[in-house]
Amino acid sequence: PRVERMLKELGKTLKKFWHVADDLDTGSAVEGHLNQVGGMIHLRCQEYGIKLKPNTVKLLGLKGQQQTMFLQMAIPFAKGTIAKGRALTTAETQSILQGRPWNATT
């Protein structure tokens with residue numbers, strides 16, 4: 001399906017950021033946002049019952065540290081962004097990382 005092609009292409013773009021100098025992607029900000037896009041696609045596929053073969057992690061080509069970052073950061077940030085309907089604030093992302101509740105309507 002189309003979504004599988006999208007995730008594969010996103011994975012190719014993500015890989016370009018894995019080994020760039022920090023001055024090209026300060027704090028891995030672009031990589032993080034691309035991961036979050038992948039997370040949002042993953043969550044919407046779950047929401048609408050779209051079965052991906054292989055799964056999102058494999059379609060993105062994630063392994064090791066990149067897979068961990070996707071599962072532990074991108075997915076929770078994607079959930080928060082979808083719930084809020086716009087970008088999260090720094091305080092909201094910190095709350096998510098610390099497992100604290102936050103208000104998605106602020």
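This text walks through the fold, the surface and a few local features of one protein chain.

The model is predicted: local features need pLDDT of at least 70, side-chain atom pairs count only at pLDDT 80 or more, and totals for chains, interfaces and linings use all residues. Numbering starts from 1 along each chain as its sequence is written, and side-chain values use heavy atoms, with hydrogens and water left out.

Start with confidence. pLDDT is the predictor's confidence in each residue, from 0 to 100. The protein chain averages 89, and 93% of the residues score at least 70. Among the helices, α3 has the highest mean, at 96. Helix α5 (residues 90-97) has the lowest, at 88.

Now the fold. The protein chain has 5 helices and 0 strands. From the N terminus the order is α-α-α-α-α. Helices here are DSSP runs of H or I with at least four residues, strands are runs of E with at least two, and both are numbered from the N terminus.

Next, the overall shape. The C-alpha atoms fill a box of roughly 40 × 35 × 20 Å along the principal axes.

A contact means heavy atoms within 4.5 Å. Of the contacts with a separation of 6 or more, 54% join residues 24 or more positions apart.

Buried residues make up 35% of the 106. Buried means under 20% relative accessible area, exposed over 50%, and partly exposed in between (1.4 Å probe, protein chains only). The chain exposes about 6,900 Å², by the Shrake-Rupley method with a 1.4 Å probe. Carbon and sulfur atoms supply 56% of that area.

Two loops deserve a look. One lies between α1 (2-17) and α2 and holds Ser 28. Ser 28 has a positive phi of about 60°, although it is not a glycine. At 36% relative accessibility, Ser 28 is partly exposed. Asp 22 lies in the loop between α1 and α2 too. Asp 22 is partly exposed, with a relative accessible area of 48%. Leaving aside residues up to four places away in sequence, Asp 22 touches Gly 27 and Ser 28.

The other loop runs between α2 (29-47) and α3 (56-60) and holds Pro 54. A cis peptide bond joins Lys 53 to Pro 54, with omega about -5°.
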